[in-house]
Structures are given as C-alpha cells and as structure tokens.
Amino acid sequence: MVRALRMNRRMRRLSAGLALAAAGVAAVAAYWGHQWMSIGNSYEAKILCSGVFVSHRTPESLLQSDLSIDAFPVFRLANTQVDRVSRAVSADLFGLARRTAVFRDGLGCTVAQAGAVVAGLSSAIASVTPAVGTRRTADVWPIATEPAPDADRVRLQSALDGAFSEPDAAAPQRTRAVVIVHRGRLVGERYAQGFTQETPLLGWSMTKSVVNALVGILVKDAKMSLDTPVAVSEWQESGDPRGRITLNHLLHMSSGLQFNEGYSSAFVDVAHMLFGAPNMAGFAAAKPLQAEPGTRWSYSSGDTNIITRAMAQAVGAAAYHDFPRQALFDRLGMHSAVMETDAAGTFVGSSFMYATARDWARFGLLYLNDGVAGGQRILPRGWVAYSRTPTAAAPEQQYAAHFWLKIPVEYRRDLSLRPLPSDAYHAIGHEGQFLTIVPSRQLVVVRLGQTRSPAVWDHHAFLNGVLDATADFDWHETIRTTSSTPSAVADQRAPVR
C-alpha cells in the first residue's frame, strides 16, 4: 500500500514535470513563431510599401515577383492591405503579428512596430523636404548621335542580351536595369518589362557606399573626424572598450562588434535589425565587442547604421533629414534618390535607398571624377583614394571603406576569366545590385535586379563583355532597349532627368 502511494506520487510529479516542460516548449515555440511571423510580415509590408509609393509599381507586380510565393511560400497565406489614402501597407499571417509600413514624402517607407510608433514617426520626420523630382538643364548627360562601329555595337548588344536572358527558368537572373556610361556618355541602357529609366530601384547594400560619400562631405566640413572615437551613448560608460571604435573602423567594417550578417535565417542579426528593431543603430550599438577594433574584418550592416546615427549628431537634428538631398543628391542631379529611415528617424544607410539606374550611375560618376561633379568639389581631396584603400584586416584585401575592391566569389561563376582592371571597384547590394567603377577605362556600369541565387548572376563575366565592347573605341551612340526583347533596340536621345 505504501509502495503504491509512493509510486503514485512519483507519477504525479513526473506528469507535472512533463506538463511543465511541454508548457515551456510551447511557450518558446510560440515566442519564436511570433518573432518569425513578425519579421516576415515586416519584410512584406516594407517591400510592398516602398515598391508602391517609392517605385510606383503595382501591388500585383510586387506580389508576383519581389514577394513571389516560389521563393517565400508562406506569403501565399499572408494578408496584405494597401491604403493609398494614408499611404500605408499592412501585412499579417492568419491575423497574427500584424505589421504596418508607412510612407513619408522624401523619406520613403518605414516599418512601424505599433500604433504609437507611427504617431511618433510622423512628428519625428515632419520637417523633411520632399524630393524635387524635376529635370534641370545642368543634369543632362551628353548623348551624341554619331554612329559607332558596327562590331562594337554587336559586342555591347551581346552583353546586354546576356544580362537580360533567362537560360534557367528555375533560377532566373531577373535583371531589371542596366546603364553603361563610358567617357561621360551613356552608351548602353536597357530595362526589363515593367521598368523604365524613371523607376527608382532598391540598391540594398549599395546604400553603404552612399553613406561613404555623406561621411566624406562631413569630414570635408570638419563636422566628423575619421580617427576620433565615435560618440555613441551605449559606449560612454567608463572603461567600455567599445569607446575606442572610430569612424575609420566603422567604414572599414573592422569595429570588432559582434554582428551576424548571414541571410540564411529570419533570426540572424541583420534580419532582426532591418525588420524587427525600431531603433536599428541602437540594436547594433548594443552588441558586445568580439575583437579589438581594427584587428578583424567582418562585414556588418550594423556598423553602417551606427554611422548614420552619428551623422545626425554631426549635422544636428533639424538638418538631418534634409542633409542627403541638399549635400549630395541635388548636387549630382539624383532627384529620384530616396534614403529611408527606421522608426527612430535614423537613415537606414546599410540597406534602404532607392534611385533610378541613371541616378545610381550619377553617383558612380562622382567617384570616377575623384569627387568632383559639375565643376564643384563634393568630396574632399584624397577621399576617393581613401575610399579605395583596402581594409588592413580584410584577409584578401577585398574590401575598403564601404566599397568592394573585388567581386565576391558567389557572383563569379567562371573563375578562369581574365581579371578585371586592377583599379576597378564596386558598390554591391543584396540580390545582385552592382555599381562598378573602372577609372582606367572611364567606365561606370550599373546592374540592378532581383537575383535570389547569387550563383545565377556572373557579374565578372558581364563586365568582361562590357570591357570588350568599349576597349578601343570612343562610343558616340547609345544602345538602349525598353524591354528584354532584342528586337526592341532603339536609339535614346532623351535627356537624363
């Protein structure tokens, strides 16, 4: 009898323990499930909002491509709503983890984590000046009309045809825009169906290189210093080793801060920062130090967003949201450019800037011309050389100050191809966004698309084709098509806006 009672007590304790463990597992699963849905819904709301209100695309085109169910099956079940009156887009999954992205003139779309954040966001950025978006005489590129040698038209046309071809339907390249500028002239341009020279497109991490330019302007104006520790509130406690991190460290991705840039999961740092953290710079700045600043290279979008928050301190809160346009975009004629903010009002300099392919090329020309545009020095003397100086801690000298010196191997299928000119360098973004600058060849090449598998797009091979086409000739005629169909070739004589 006693033994039976003891056994019953043990069974009850075991059952209670199992129930408690099951409840714990369920709670953890519910928490991570909610986090996963929250990040996914934020992504969908943000991409859809920017696509509709910044790129002026239809919701249907975005849902069929950018948010297509072949890559993200869960989106088949998601519910989205586009409110053109309030200029907001919401997304939820089975009514859960609803997220909303709101649009503001001149600043694009921002994910709001709660209704209170939406209200706060509105007041925080109410002073921003909307984009000008008008053509100016000084902005027009020279596009001459003298015929080019037929053989070279053929080579350039072949490079464009290859860029817009789809040899593997299961793994599409999805090139959306290509612009080629040689010796200051627009010599090649083509767009996929549904996109034009007026369509602002997301540059993803090409935005980091734009942050490089904005920092250069502030250094030129003595408002920021490369070698002075960055004043970050999270690092001000006495003895905090992060207080030794300088702007130079952040630009060269050698801050030593812990940050996971992988894109294999919704739970890694970069995904959580971009689609789950209302204060992205604060999220990155809170990370612990894993290595002594300057001793380890580790690509980090968090480093860039710490810079963009530091820029606000440099220019002042009142001028901050107008700064990129007044200091850079309008001076280059980049009137389509929109750099978006997080819910705290800080520019997401790591990832969220939209511009037309021609305006991305304008940005490349600034660096091709050593920081001078329209006869005015925009960047300080020596800044372009500094921007191309390899990060000392980078193992293969592949990275400089927010510019790539080598194309990452995932975008080079054929490693046997001849090397690019040694002075070539690049702004590179997620899903195959490229801005390549080759000073020795007076060449700027922009390729924008949505290549979900990096191995599908061989940027090295594409550049070799462009280099062959512009090798020994002074181009005088633009090669442009309005779709990916070769028969749509036509001269382009319209001025750039």
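## A pair in one helix

How many residues apart in helix H4 are Asp152 and Arg155? They sit three residues apart in H4 (residues 150-164), so about one helical turn separates them. Helices here are DSSP runs of H or I with at least four residues, strands are E runs of at least two, and both are numbered from the N terminus.

The two side chains meet in a salt bridge, with N to O at 3.0 Å. That term means a side-chain nitrogen of Lys or Arg within 4 Å of a carboxyl oxygen of Asp or Glu. Asp152 is buried at 0% relative accessible area, while Arg155 is partly exposed at 41%. (Buried is under 20% relative accessible area, exposed is over 50%, and partly exposed is in between, using a 1.4 Å probe and protein chains only.)

## About the model

This is a predicted model: local features need pLDDT of at least 70, side-chain atom pairs count only at pLDDT 80 or more, and totals for chains, interfaces and linings use all residues. Residues are numbered from 1 along each chain as its sequence is written, and side-chain values use heavy atoms, leaving out hydrogens and water.

## Other salt bridges

In total, the structure holds 16 salt bridges. One of them joins Arg358 and Glu189, whose closest N and O atoms are 2.8 Å apart. Arg358 belongs to helix H12 (residues 357-368) and Glu189 to strand E6 (residues 185-191), so this pair ties together parts 169 residues apart in sequence. Both residues, Arg358 and Glu189, are buried.

Asp240 and Arg242 pair up too, at 2.9 Å from N to O. Asp240 is buried at 18%, and Arg242 is buried at 13%. Finally, a network of salt bridges links Arg57, Asp66 and Arg176.
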